[in-house]
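Student: I am new to this structure and would like to learn how to read it step by step. Could we look at it together?

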Amino acid sequence: MIDYKLLEALATVTECGGFEKAGAALGLSQSAVSQRIRTLEIRMGQPVLVRSPTLKATPAGQRLLNHVQQVQLLERDLARSIPALSEPSARLRIALNADTLATWWGEAIGAFCSEESLLLDLVIEDQDVGLRRMREGDVAACLCSSPQPVAGARSVPLGSMTYLPLATPDYVRRHFAGGFNHDSLETAPAIVFGPNDQLQHRFLAECGFHGSVPHHLCPSSEGFVKLALAGMGYGMIPELQVRKELAAGRLISIAPGKSLQVQLYWHFWRHGGGIMDRLTQTLTSNATFTQ
């Protein structure tokens, strides 16, 4: 059997970012917290924390943290029928893409989190690779573009987000004066979210272009839009995020009439308890991006 006091120490250390703060949160000395972590590592036969250069869980430690989250969710459901077991809040670690966080996510789940006293630990990950976090035991749920769930999990379709290839009118005049074609795409600077971002490649491939393009890397959804508005490049931007800019003509499409539809699926562990079912229902009801 797992000693949950040891897991509680691990979860608190990672949440607080250090042993001293974890001790204060648990009402223990720093050395007592360190001893619990050492005991856990001895029982596991491997490290659960990397101490330097920054404190973080090892892959084995992260799997334990994911287990703790699931247990907390189950206890949360039990407390609904046995109020004496109630605790102030539960914490859920979720992987989702930056565009979701920048657009519809908060509005969709804000009221639910308040009603359930649910705290979120959000991991920003591209929608094409978020499922890897679940497979590795890093998160209890994720949003991703794959419909196939990992073993022991469920997948629920939420709908599709519309992405448009946008830039400023001046940028389009400078780089696409001859139209949207192979020659212009080879030289026009693009904006890409990060090395795992495949939206640009998918869109261009659907348009028949399979070459490489010069590009900026910008791992910020809000910064992405600002770079486009500054005329630095074109990029695949959620229509939902820039409706005002489109209406004002500050951003226009480099390929009018063309778009990319990105299907999003909500993945969660089957044994996450009733609170996970209620969160899933909330998302399916309030995912306002669906087309």
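Student: In which helix is confidence lowest in the protein, and in which strand is it highest?

Tutor: This is a predicted model, in which local features need pLDDT of at least 70, side-chain atom pairs count only at pLDDT 80 or more, and totals for chains, interfaces and linings use all residues. Residues are numbered from 1 along each chain as its sequence is written, and side-chain values use heavy atoms, with hydrogens and water left out. The pLDDT is the predictor's confidence in each residue, from 0 to 100, while helices (H or I, at least four residues) and strands (E, at least two) are DSSP runs numbered from the N terminus. Confidence is lowest in helix H4 (residues 59-81), with a mean of 76, and highest in strand E10 (residues 252-253), at 98. The protein averages 87, and 92% of the residues score at least 70.

Student: Which residues have the most contacts inside the largest nonpolar core?

Tutor: A nonpolar core is a set of buried Ala, Val, Leu, Ile, Met, Phe, Trp, Tyr and Cys residues joined through side-chain atoms within 4.5 Å, where buried means under 20% relative accessible area, exposed over 50%, and partly exposed in between (1.4 Å probe, protein chains only). The largest such core here has 55 residues, and those with the most contacts inside it are Trp104, Trp105, Tyr234, Trp266, Met276 and Leu279. Apart from it lies another core, of 17 residues, including Leu10 and Val68.

Student: How many aromatic pairs are there?

Tutor: A pair of aromatic rings is described by the distance of the centres and the angle of the planes. Rings of Phe, Tyr and Trp (its six-membered ring) pair if their centres lie within 6.5 Å; planes under 30 degrees apart count as stacked, over 60 as edge-to-face and the rest as tilted. The count comes to 8 by this rule. The rings of Trp104 and Trp105 have centres 5.9 Å apart and planes at 65°, so this pair is edge-to-face. Tyr171 and Tyr234 form a tilted pair, with 6.4 Å from centre to centre and 50° between the planes. Tyr171 lies in helix H8 (residues 169-175) and Tyr234 in the loop between helix H11 (221-229) and strand E9 (235-238), so the pair ties together parts that are 63 residues apart in sequence.

Student: Which residues of H3 are buried?

Tutor: In H3, the buried residues are Val33, Ser34, Ile37, Leu40 and Glu41. They cover an arc of only 120° around the axis, which puts them on the same side of H3; the arc is that of the directions from the helix axis to the C-beta atoms. The face turned away from the buried side of H3 carries the exposed residues Ser31, Ile42 and Arg43.
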